[in-house]
Amino acid sequence: MSEPEWDDRGPSVEAFAEIFYVYEVRSSGDRIEYYGTPLVPRQRVIEELWPAFRDAGYELQFVRDGGETVLVAEPADGGTAGVPWTNVVLFLATAASTLLVGAAWYRIDLASDPLAVLRAWPFAAAVLGVFGVHEMGHYVMSRYHGVRASLPYFIPVPTLFGTMGAVIKMKGRMPDRKALFDIGVAGPLAGLVATVVVTVVGLQLDPVTTVDPAARSGEGVVLRLNHPPLLDALAALTGHADRSSFHPVVVGGWLGMFITFLNMIPVGQLDGGHISRAMFGEYQETIAAAVPGALIALGAYLHFVRDVGLNSVGIWFFWGAIAVFMSLVGAVRPIDDSPLDRKRFVVGAVTFVLAGLCFTPVPIEMLG
């Protein structure tokens, strides 16, 4: 059998010799396809070849084509080409939904003056700022480590807060635990900084509502946002611990704390999953396996022992179910799985402690 014709854009044939037998090479534009047979486990093939392909500007993955094994090398694009219209449209839609929801927090009567919705811009800015800074923390650190990532996609939902947050898509493989940790921890830490700023600013503003940040939902039902320790601490430090009501901007800070805690749950591909995988390696799977049970047990304790209404604690049953799915999907596995350095380990531990200060057993309580 004749030797395959090699594409000189990729690494030399010597790189494949002992780990992947190649019998055919095909090119399609900038994409290079290596048809062959792995001589070692596939993960090891990726680990061995990835550095050379990355230096050449390519990402690697295995695919199946008509029963054949194909190692595909595609260009690692360096950024967003042109205007990212999907990101822009979703951001504008989220800005609109947070303005509409914000109008309710400000008790604005839109029926008599629709343009008065613009008066809710501080609430919208607070919510968008907290989520935007969080996701840009991930994005900037991804770029720093050479990992492909999209710009943030905001998620507009006209509910209690006007959004379900924002996400970025990770398109490249994770080079090592340092990159996995840095990318994972950058979002929560950046988001917490924005959260503290938003909360402190909001605490300086005069209250709008007469109920400690709450919103009416249906006849005779009040949704109360209970305070996590971090919010109480900031209120005490700024001399507002005795307030019974707050400005709607504080709700943006409350939301930042709530989302920080949820994101730091150490399971799957949540930020907490990335950080714990970088810190503990494959032991993270043991931690993740305990998470669903812990969340469901928390909900059961609050409902059956503390007699908290199911509508108020159902969130933990819901997140317990999500955690089951995320545990099955698993965390990101870096190419280089060498242990994390001590400084990053300490930063990770501090970040989990800060996330704990954002926790409250009954975040949203339904009264009436």
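## A walk through the model

Start with everything shown as cartoon: the protein has 10 helices and nine strands. Keep in mind that this is a predicted model. Along the principal axes, the C-alpha atoms fill a box of roughly 80 × 45 × 40 Å. Of the 368 residues, 47% count as buried.

Select 20–28, 31–38, 58–65 and 68–75. Strand S1 is 20–28 and strand S3 is 58–65, strand S2 is 31–38, and strand S4 is 68–75. Together they make an open sheet in the order S1-S2-S4-S3, with antiparallel pairing. Which strands stand at the edges? They are S1 and S3, each with a single partner strand, so one side of each has no neighbour in the sheet. Look along the sheet and you'll see the twist, which averages 25° from one strand to the next.

Now zoom in on S3 and S4. These two run antiparallel and are joined by eight bridges. Click on Phe62 and you'll find its bridge partner Leu71 in S4; for Gln61, the partner in S4 is Val72. The two strands form a hairpin with two residues between them, and Gly66 in that turn has a positive phi of about 60°.

Slide over to the other neighbour of S4. S2 and S4 pair in the antiparallel sense over five bridges, and Ile32 has Ala73 as its bridge partner in S4.

Jump to 153–156 and 163–167. These are strands S5 and S6, which pair in the antiparallel sense over three bridges. Tyr153 stands opposite Val167 in S6. This hairpin has six residues between its strands, and Gly162 takes a positive phi near 90°.

Beyond its neighbours within four places in sequence, Ile265 is in contact with Leu270, Gly272, Gly273, Val291, Leu295 and Trp319.

Pick His138, which is found in helix H3. Is His138 buried or exposed? With 6% relative accessibility, His138 counts as buried. Leaving out residues up to four places away in sequence, His138 touches Ile168, Ile183, Gly184, Ala186, Gly187, Pro188 and Asp271.

From that list, click on Gly187, whose place is in helix H4. Gly187 counts as buried because its relative accessibility is 0%. With neighbours within four places in sequence set aside, the contacts of Gly187 are His134, Gly137 and His138. For a sense of scale, draw a C-alpha to C-alpha distance from Gly187 to Val324: the two are 137 residues apart in sequence and 23 Å apart in space.

**Last stop: H7 against H10**

Select 271–280 and 342–356. Helices H7 and H10 pack at an angle of about 145°, with their axes 10 Å apart, and their crossing is left-handed. Which residues meet here? On the H7 side, look for Gly272, Ile275, Ser276, Met279 and Phe280; on the H10 side, for Phe345, Gly348, Ala349 and Phe352. Colour the contact by class and you get six nonpolar, three polar and no charged residues. You've already clicked on one of these residues in passing: Gly272 is also a contact of Ile265.

Technical notes: Residues numbered from 1 in each chain as written. Predicted model: local features only at pLDDT ≥ 70, side-chain atom pairs only at ≥ 80, totals over all residues. Heavy atoms only, no water. Contact = heavy atoms within 4.5 Å. Helix = DSSP H or I, 4+ residues; strand = E, 2+ residues; numbered from the N terminus. Buried < 20%, exposed > 50% of the residue type's maximum accessible area, 1.4 Å probe, protein only. Axes fitted to C-alpha atoms, helices over the stretch in contact; angles between N-to-C directions. Left-handed = near helix turned anticlockwise from the far one by under 90°. Nonpolar A, V, L, I, M, F, W, Y, C, P; charged D, E, K, R; others polar. Pairing = 2+ DSSP bridges.
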